[in-house]
2 protein chains.
Amino acid sequence: MHETVVETLQRTLVQDLSQHVGETVLLKGWVYARRDLGGVQFLTLRDRTGIVQCVGSHLEIPMAESVVQVKGKVVQHPKAPGGYEIQIAELQVISRAVEPSPVELPKVQWNVNPETLLDYRYVSVRGLKERAALKVQSVLVQSFREALIDAGFTEIFTPKIVSAGAEGGSNLFEVDYFGERAYLAQSPQLYKQIMVGVYERVFETAPVYRAEEHATSRHLNEYLSLDVELGFIESDEDVMQIEEMVLQRICKELADKCQKEFDLFKVQAPVAPERFPRIPLLEARQLIKDHFGYSVGGKDLDPEGERLLSQYFQEKEGSDFVFVTRFPKNARPFYAYYEADGMTRSFDLLYRGIEITSGGQRIHEYPMLLESLADRNMKVDGFEGYLEVFKHGMPPHGGFAIGAERLTAKFLGIQNVRYARAFPRDRHRLLP
Amino acid sequence: MHETVVETLQRTLVQDLSQHVGETVLLKGWVYARRDLGGVQFLTLRDRTGIVQCVGSHLEIPMAESVVQVKGKVVQHPKAPGGYEIQIAELQVISRAVEPSPVELPKVQWNVNPETLLDYRYVSVRGLKERAALKVQSVLVQSFREALIDAGFTEIFTPKIVSAGAEGGSNLFEVDYFGERAYLAQSPQLYKQIMVGVYERVFETAPVYRAEEHATSRHLNEYLSLDVELGFIESDEDVMQIEEMVLQRICKELADKCQKEFDLFKVQAPVAPERFPRIPLLEARQLIKDHFGYSVGGKDLDPEGERLLSQYFQEKEGSDFVFVTRFPKNARPFYAYYEADGMTRSFDLLYRGIEITSGGQRIHEYPMLLESLADRNMKVDGFEGYLEVFKHGMPPHGGFAIGAERLTAKFLGIQNVRYARAFPRDRHRLLP
């Protein structure tokens with residue numbers, strides 16, 4: 001009789017064990033770890049919702065990462081991970097690992113050479129922290145979409161094979177398109193602007209490509225760009241307000257849905273204040289000098305400047321976010337909307353010391369676009385395609401883009417952005 | 001006083017006019033059409049939510065597609081599109097079109113040569129039917145995601161630059177990756193399988209690439225693939241049940257949110273029955289012969305066979321959807337799970353006479369994968385990357401993929417799938 005009863009058991013997920021204390025359950029998952037203490041054997045089982053310690057005797061526990069099912073009784077066990085333990089009645093192998101895992105998942109240290117973990121990513125991505133990072137990213141991206149859909153935005157899907165670069169032509173990957181030369185899109189910039197002419201408010205969540213030779217801990221050659229563009233704005237202030245709204249929603253959903261993941265990383269879920277501080281670039285440079293005695297180099301903010309400015313607003317206003325505004329023309333692309341004083345209506349958003357967004361108002365009138373190109377001695381030649389739509393009525397508009405991996409990494413305190421992408425592509429990495 | 005009052009008006013959207021009858025409102029949008037009847041002038045204004053006729057006198061209405069704002073009184077007008085008319089008090093140009101639109105949007109006929117409309121897509125995409133098609137697609141894709149998230153699936157983001165093709169190697173676009181040869185992904189097949197080892201249930205909504213030379217009305221070289229993969233299944237039946245659930249949700253959300261769009265196309269919103277009919281391939285071929293006297297060529301179903309089979313189940317069971325199951329090994333890829341009789345646990349889903357999905361259970365055990373490759377005289381050489389993960393414990397799993405543009409087109413009765421993509425890429429089209 002017992003066998004029959006057990007056979008009709010539905011699978012229980014690890015996260016639901018608290019509802020089954022004292023009962024016999026059926027679990028399915030992977031052998032995360034195993035230990036043999038002579039008469040007693042321990043198996044840590046991992047399913048998509050968590051891990052649980054299972055204990056039994058006279059068991060042949062297969063190699064780590066084998067897929068198994070365990071039938072057993074749930075008992076409370078304060079010292080076990082999660083607070084429960086399974087007393088194994090029956091262990092069955094569903095699918096046997098045929099080689100030892102090249103990485104021992106329970107022992108992964110994030111301070112080892114990332115190359116080793118990334119070489120074996122097809123297995124190492126199963127690690128608890130690895131999967132937690134990508135889980136947070138999936139919730140982040142979906143919250144981004146939901147916030148925008150609720151605000152009347154329409155999702156768009158624009159081409160990633162393009163005939164020219166939106167931002168000038170360097171750092172493009174070349175594609176052989178039926179014998180013609182084409183490129184991978186660096187950004188959906190032009191296409192999202194065209195689509196403002198259709199839906200007024202649009203967004204996209206899609207990969208973009210930068211053929212940058214450098215390999216830093218904050219760059220990827222393929223990354224997920226969260227793009228927004230909206231029409232009928234007064235200035236870049238309207239764009240910043242949409243970005244605040246989006247980040248507030250993201251932070252709220254992450255706090256609601258990913259507490260377990262933040263706990264694993266031993267960090268607090270991010271908090272977005274009701275209003276992010278804003279400071280014009282020139283004032284920011286002065287403030288950094290006055291307050292920290294540091295002179296920012298270049299025309300923009302350098303990494304140390306970004307760090308210090310973030311620190312200031314964190315201490316002064318308790319905000320991890322700060323908008324830097326009013327960049328000079330020569331620090332922005334040709335399509336940035338500028339005023340008589342040579343300053344653009346544009347902004348960067350810093351989060352805990354690093355730029356996570358660039359955005360602003362765009363030039364929407366054809367004559368002004370021609371003027372901007374002439375100003376920079378850029379030829380109209382390469383840009384006819386870009387210019388065409390501006391002959392046919394575009395409202396004042398602007399937008400921004402967030403790099404999903406960089407934001408995910410910053411939220412979790414991950415030092416290398418590669419760990420915030422499932423299968424990163426960098427200068428030396430095309431596999432797996 | 002009047003001016004001041006008007007100045008503080010918030011913008012009203014066309015869809016909300018019914019709430020403002022008798023009031024003065026502020027509208028913003030594009031000049032969709034204009035007409036001058038001597039003393040009286042008509043302007044049809046288009047915003048993201050609809051079009052409305054505005055009437056006035058002594059107006060200088062700018063060229064079509066200019067961006068304007070109109071202040072005026074809302075009156076009921078049963079003969080006007082939407083049932084309301086605006087009596088213009090003030091017309092202001094926000095952004096002037098500087099050239100006539102290359103396509104007269106209100107007069108677009110969908111039976112003209114698609115090349116003309118696609119050449120000017122940066123403006124023609126503003127057309128009412130054009131934007132309705134892409135709006136339906138955006139709701140379709142988001143419903144797909146929501147259905148899966150609610151069922152415990154995790155969204156993944158996998159690389160589109162890959163070192164080899166998942167399905168054998170032909171029809172790949174080549175990318176110059178820092179001097180190395182790489183390719184654009186034809187499908188996330190391998191990567192979604194790897195991620196079953198992480199989250200058990202995963203999905204992705206991302207572009208895929210097929211370098212197919214032919215130009216038909218149902219193929220695109222870049223399209224949006226809606227991919228699903230799930231572990232711990234008993235057979236492909238579990239996969240079909242997930243696909244039914246997803247399509248039921250999509251149909252429900254489309255009926256709720258896109259009635260206006262279906263009306264514009266003069267079609268009914270799609271309906272997904274509670275259970276889709278299923279028929280094994282061999283039985284399907286016999287049925288087509290017995291019922292229609294038509295002998296299907298080849299080893300699969302041909303387009304005429306698909307059409308007739310759909311017709312049969314539409315008439316017999318009132319279902320627009322039908323699963324064809326149990327394809328022979330030689331009609332499926334090497335990773336399809338097969339049984340002793342040489343039949344695979346796989347399916348195609350037909351909708352109104354066309355295949356919209358291919359899916360099935362995959363081989364999850366390393367020895368069986370080697371056997372399948374040997375069976376086909378395929379060398380292990382090109383597939384080490386693919387094989388590696390199967391050494392490390394994979395549960396029985398399967399999945400499916402839906403081409404978003406093809407499904408959108410079929411739902412709306414669009415003959416050419418290019419119109420279901422914002423900026424289609426085909427053999428001869430890289431622009432806009």
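Which strand of chain B does strand 6 of chain B join, and in which sense do the two run, parallel or antiparallel? I put this question first in my notebook on a predicted model.

**Entry 1: the sheet in chain B**

I found that strand 6 of chain B is joined to strand 10 of chain B by two bridges, and that these strands run parallel. I then looked for a facing pair and noted that Thr154(B) stands opposite Val202(B), a residue of strand 10 of chain B. I recalled that strands of a sheet pair through backbone hydrogen bonds, in either a parallel or an antiparallel sense.

**Entry 2**

I turned to chain A and recorded an open sheet of eight strands with mixed pairing, ordered 6-10-11-16-15-14-13-12. Why is one side of strand 6 and of strand 12 of chain A left without a neighbour in the sheet? Strand 6 (154-155) and strand 12 (278-280) of chain A stand at the edges and each has a single partner strand, so one side of each has no neighbour there. I checked strand 12 of chain A and saw that three bridges pair it with strand 13 (residues 321-325) of chain A in the parallel sense. In one of the pairs I noted, Ile279(A) has Val324(A) in strand 13 of chain A as its bridge partner.

**Entry 3: annotated residues**

I consulted the unreviewed UniProt entry, in which the annotation "binding site" covers Glu167(A), Arg210(A), Ser358(A) and Arg362(A). I located Ser358(A) in strand 15 (residues 354-362) of chain A. Arg210(A), by contrast, I found in the loop between strand 10 and strand 11 (222-231) of chain A. Setting aside neighbours within four places in sequence, I listed the contacts of Arg210(A) as Asn171(A), Phe173(A), Gln186(A), Ser187(A), Asn221(A) and Tyr223(A). For Gln186(A), I noted that its backbone oxygen lies 2.9 Å from a polar atom of the Arg210(A) side chain.

The largest cavity holds about 80 Å³ of space. Of its 14 lining residues, the closest to the centre are Pro207(A), Leu224(A), Phe157(B), Glu204(B) and Ala206(B). I saw that strand 10 (201-209) of chain A and strand 10 (201-209) of chain B each supply at least two residues of this lining.

Technical notes. Residues numbered from 1 in each chain as written. Chains lettered and ligands numbered in written order. Predicted model: local features only at pLDDT ≥ 70, side-chain atom pairs only at ≥ 80, totals over all residues. Heavy atoms only, no water. 1 Å grid on protein atoms, 1.4 Å probe; cavity = no way out; pocket = protein on both sides within 12 Å on 5 of 7 lines; lining within 4 Å. Points joined across faces, edges and corners; volume = space filled by probe spheres on them. Helix = DSSP H or I, 4+ residues; strand = E, 2+ residues; numbered from the N terminus. Pairing = 2+ DSSP bridges. UniProt positions renumbered as here; feature names shortened; annotations may be inferred. Contact = heavy atoms within 4.5 Å. Polar contact = N/O pair within 3.5 Å; in protein donor to acceptor, adjacent residues only side chain to side chain.
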